[in-house]
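Please look over the chain shown here before reading on.

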Amino acid sequence: MVSRFLTKLSLLIGMTLSLCLANTSQAAELVANVDRTQIGEYDTLLLTVKYSEQLLSDAPDFSPLEQHFQVGATSRKNSFQMINGQTSSWTIWTIGLTPRRIGNLVIPSLEFRGAKTKPIQIRVVKAADALKQQDKDVFFLTETDQNQAYVQGQIVYTEKLYFAVALDNGDISDVAVADAVVQQLGDTKQYRTSLNGRAYNVFERRYAIYPQTSGELIIPGPRYSGEISNGPWRAGRPIRVSHPPTKLTVLPRPASYQGDVWLPASELNISFQWSQSPADLRSGEPVTLTLQQTAKGLSGSQLPDIQLAEVDNVKYYPDQASHQDQSSAEGVIGIRSQKIAIVPTQAGEYRIPEIRIPWWNTQTQQQAFAVVPAQTLNVAMGATAAPSAVINPQAVTSVDASNSGAAENSAASAGYWPWLTLLSTLLWLTTLGFWWRFPRQVVTTASHANTTLGAPTELHTAKLADIKKACRNND
């Protein structure tokens with residue numbers, strides 16, 4: 001028992017030392033993140049700084065933050081986890097920051113023990129006039145990024161619930177808009193701000209709204225129902241808060257727009273990438289062209305598939321496109337990726353015309369184009385003598401009419417003969433098994449025939465001889 005315990009103890013110590021050595025062998029990291037990149041002038045921003053080692057004391061120098069922010073309360077905690085035998089540990093600092101001015105501010109790079117964080121851009125906007133006059137305990141504020149939008153274009157809608165008292169059992173109505181598609185942008189955020197010298201907590205929700213018809217769009221005002229807390233032992237005081245609806249004008253698709261697919265966005269780009277250089281190709285060998293569209297203000301499902309112009313001796317085999325959406329404070333960024341296998345069937349130089357995707361710039365209210373320039377393919381002769389015969393399935397089945405019957409017979413004989421041979425072998429083995437048992441049954445049957453029907457036994461003997469002969473001939 002003692003030796004077994006000492007063995008387990010030594011193994012545990014060895015594993016601990018190896019984990020410690022593994023952790024110390026990797027360079028430490030310092031990572032900074034914020035809960036929001038756009039805030040109001042009175043809001044408090046939460047900055048999280050993580051260092052990839054456990055520390056009992058010491059901390060980064062946070063004084064560079066004071067250039068653009070008032071540094072508030074700072075908390076610290078340690079974190080440790082093990083996943084699939086891999087360990088990671090962190091020391092985490094959380095700092096509250098209040099901006100000193102309106103505009104674009106920068107959280108500078110912080111340095112600690114040779115590791116550095118990346119700078120973070122922060123946009124500070126002016127507080128609404130309605131906020132400066134508020135003195136209620138609980139109230140709503142709603143905002144849209146524009147007063148008018150285009151049909152199927154994006155509207156960023158923000159609603160905030162401010163409360164200076166503790167709330168319990170609360171419920172906020174969902175955002176539902178008639179004749180529009182509503183998509184929430186990220187999770188609900190909670191932070192603190194100061195208004196008229198009074199501290200408030202804030203619940204913030206952001207949505208991307210896509211109107212499907214032109215005309216007037218009405219976004220119903222939010223509603224809150226709950227209780228103002230009176231402590232853990234007393235019933236709360238009921239409270240209901242609402243906000244008026246928001247009305248916007250939705251513009252139709254302009255008559256001057258020339259595209260087949262209506263794409264209203266604040267920005268749309270297209271990038272391309274070849275799996276190998278198009279200047280060094282061979283006939284009959286495929287090359288993959290990857291096209292990726294990125295649009296601000298549109299979802300990936302709204303972006304169109306791309307069709308390449310037909311080129312002689314060049315075949316296209318498009319794969320199914322994939323799309324995804326990324327959410328930010330400014331709205332949705334839609335991404336659509338498409339892979340097209342391109343196979344030149346003959347040697348030579350080929351030119352794939354440029355790709356032009358028309359879209360409507362909602363910032364300038366003008367039509368624009370996302371362009372991929374024309375691409376030139378330089379194709380050398382492939383290794384096969386007739387690469388087109390591999391590309392075109394019909395070439396395989398194109399047979400001279402005079403030889404079509406012979407070809408079919410040859411294919412049939414080549415295709416069925418192995419199966420007939422196997423079947424014959426199985427039947428031969430089965431017959432052989434019956435042959436070992438058959439004589440005893442024949443005598444019994446013949447004897448019975450003599451006594452009942454008077455049939456001669458030579459008949460059965462003759463049949464047995466035929467069976468043996470058929471077996472020898474694989475019949």
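Predicted model: local features only at pLDDT ≥ 70, side-chain atom pairs only at ≥ 80, totals over all residues.

Residues are numbered from 1 along each chain as its sequence is written, and side-chain values use heavy atoms, with hydrogens and water left out.

**The chain as a whole**

The chain holds six helices and 31 strands, where helices (H or I, at least four residues) and strands (E, at least two) are DSSP runs numbered from the N terminus. Of its 475 residues, 33% count as buried, that is, under 20% relative accessible area with a 1.4 Å probe, protein chains only. Among contacts (heavy atoms within 4.5 Å) with a separation of 6 or more, 69% are between residues 24 or more positions apart.

**A buried glutamine**

Q338 is found in strand β27, which covers residues 331-344, and counts as buried because its relative accessibility is 5%. Its side chain reaches the backbone nitrogen of I306 at 3.0 Å. Leaving out residues up to four places away in sequence, Q338 also touches others, including L289, D305 and P318.

**Nonpolar cores**

A nonpolar core is a set of buried Ala, Val, Leu, Ile, Met, Phe, Trp, Tyr and Cys residues joined through side-chain atoms within 4.5 Å. The largest has 46 residues, and those with the most contacts inside it are I209, L263, Y316, I342 and L377. A second, separate core of 22 residues includes L30, F69, L105 and I122.

**Aromatic pairs and charges over rings**

The structure holds twelve aromatic pairs, counted when rings of Phe, Tyr and Trp (its six-membered ring) have centres within 6.5 Å; planes under 30 degrees apart count as stacked, over 60 as edge-to-face and the rest as tilted. Two edge-to-face pairs are set out below.

| Pair | Distance between centres | Angle between planes |
|---|---|---|
| Y150 and W262 | 6.1 Å | 65° |
| Y257 and W360 | 6.4 Å | 75° |

Y150 lies in strand β11 and W262 in the loop between β20 and β21, so the pair ties together parts that are 112 residues apart in sequence. Y257 is in the loop between β20 and β21, whereas W360 belongs to strand β29, 103 residues apart.

The charged end of R36 sits over the ring of Y191, 3.4 Å from its centre, and K50 lies over the face of W90 at 4.5 Å from the ring centre; such a charge needs NZ of Lys or CZ of Arg within 6 Å of the ring centre and within 35 degrees of the ring normal.

Terms used. Buried < 20%, exposed > 50% of the residue type's maximum accessible area, 1.4 Å probe, protein only. Polar contact = N/O pair within 3.5 Å; in protein donor to acceptor, adjacent residues only side chain to side chain.
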